[in-house]
Amino acid sequence: MTDLCRPTQKKYNLAVTVAMGKLMDAIVVEDEKTAKECISYLKQLKLPPRTFIPLKSIRVKQIIERLRSLGGATKLVFDVIQFDPSLEKAILFAVGNTLVCEDLEEAKILSWSGERLKVVTVDGILLTKSGTMTGGTSDGMEARLNKWDAKKFDDSVKKKERELQNQIQYSEIEKKSIEEKLLELSGEKETIRKAIERISPELNKLRDAVESRNTKIRKLEKSINEITDGMYKDFS
């Protein structure tokens, strides 16, 4: 059960643990057939017995709605547990209409005055309809209680893992985009290189033609200058 639900606030950890009792270690399965197969498997491997809650066959009492409006800090234990809606029957089977309140005096009034109710205090004292009062801790109780903190830690680790996984995915997408851009630029570079190779001979021819024409122009200018100098020399 601890893998499928959790108290809404840490202050309810002990109350929920006490209200669920041994069912906190129960395993939720789809139906009776699955439960029987699991039990058979445990027997084959000679493993310790486990309790299974088959969702399709368990019978649960409906929530007594008026218990939700008693006022003060009193709440249904069912209402201080977070769970997936598909698991409602399993949670209701585990805690029923058990109430949770802040202190023992309030619990006594709720449990033993008028209508008898099952009540648990936030510090783990359980009052039953028959008038019994149970409190204290045991190794089993401590182990079950610690599972909530362990689950919170596991959830935190899983959340961090999901965040890191998302970052890795985004990085992979960005890497792929950069690689595609580099490939595109490499293609453009190769196209430009080939274009340069193709037009280089033409450019060299044009350069040679320009140089040849410039040479002719310089020769003509030299000839003109010589003729001009000769003409002025004849008049001197």
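Me: Happy to start with a single residue. In which strand is Ile-27 found, and is Ile-27 buried, partly exposed or exposed?
Reply: Keep in mind that this is a predicted model. Ile-27 is found in strand β2, residues 27-29. Its relative accessibility is 29%. Buried would need a value under 20% and exposed one over 50%, so Ile-27 counts as partly exposed.

Me: Which residues is Ile-27 in contact with, leaving aside its neighbours within four places in sequence? And how many Å apart in space are Ile-27 and Ala-90, C-alpha to C-alpha?
Reply: With those neighbours left aside, the contacts of Ile-27 are Arg-50, Thr-51, Phe-52 and Ile-53. As for Ala-90, 63 residues separate it from Ile-27 in sequence. In space, their C-alpha distance is 9.6 Å.

Me: Nice. Where is Lys-46 placed, and is Lys-46 buried or exposed?
Reply: Lys-46 sits in the loop between α2 (32-44) and β3 (52-54). Lys-46 has a positive phi of about 55°, although it is not a glycine. Its relative accessibility is 76%. The cut-off for exposed is over 50%, so Lys-46 counts as exposed.

Me: Now the sheet: what is the order of the 5 strands in the open sheet, and which strands stand at the edges?
Reply: The order is β4-β6-β7-β8-β9, with mixed pairing. Two of these strands have a single partner each, so one side of each is left without a neighbour in the sheet. Those edge strands are β4 (75-76) and β9 (133-134).

Me: In which sense do β6 and β7 pair, and which residue in β7 stands opposite Val-100?
Reply: Strands of a sheet pair through backbone hydrogen bonds, either parallel or antiparallel. Strand β6 (residues 99-101) and strand β7 (residues 119-121) have 3 bridges, in the parallel sense. Opposite Val-100 stands Val-120.

Me: Which strands does helix α1 lie across, and how many of its residues are buried?
Reply: Helix α1 (residues 13-20) lies across β6, β7 and β8 (126-127), at about 145° to β7. The buried residues of α1 include Val-16, Val-18 and Met-20. α1 is largely enclosed by the rest of the structure, because the buried count is 7 of 8.

Me: Last one: how many residues line the largest pocket, and how many of them are charged?
Reply: The largest pocket holds about 280 Å³ of space. It is lined by 16 residues, with Lys-61, Gly-96, Asn-97, Thr-98 and Lys-129 nearest its centre. The lining divides into 8 nonpolar, 3 polar and, for the charged group, 5.

Conventions: Residues numbered from 1 in each chain as written. Predicted model: local features only at pLDDT ≥ 70, side-chain atom pairs only at ≥ 80, totals over all residues. Heavy atoms only, no water. 1 Å grid on protein atoms, 1.4 Å probe; cavity = no way out; pocket = protein on both sides within 12 Å on 5 of 7 lines; lining within 4 Å. Points joined across faces, edges and corners; volume = space filled by probe spheres on them. Nonpolar A, V, L, I, M, F, W, Y, C, P; charged D, E, K, R; others polar. Helix = DSSP H or I, 4+ residues; strand = E, 2+ residues; numbered from the N terminus. Buried < 20%, exposed > 50% of the residue type's maximum accessible area, 1.4 Å probe, protein only. Pairing = 2+ DSSP bridges. Contact = heavy atoms within 4.5 Å. Axes fitted to C-alpha atoms, helices over the stretch in contact; angles between N-to-C directions.
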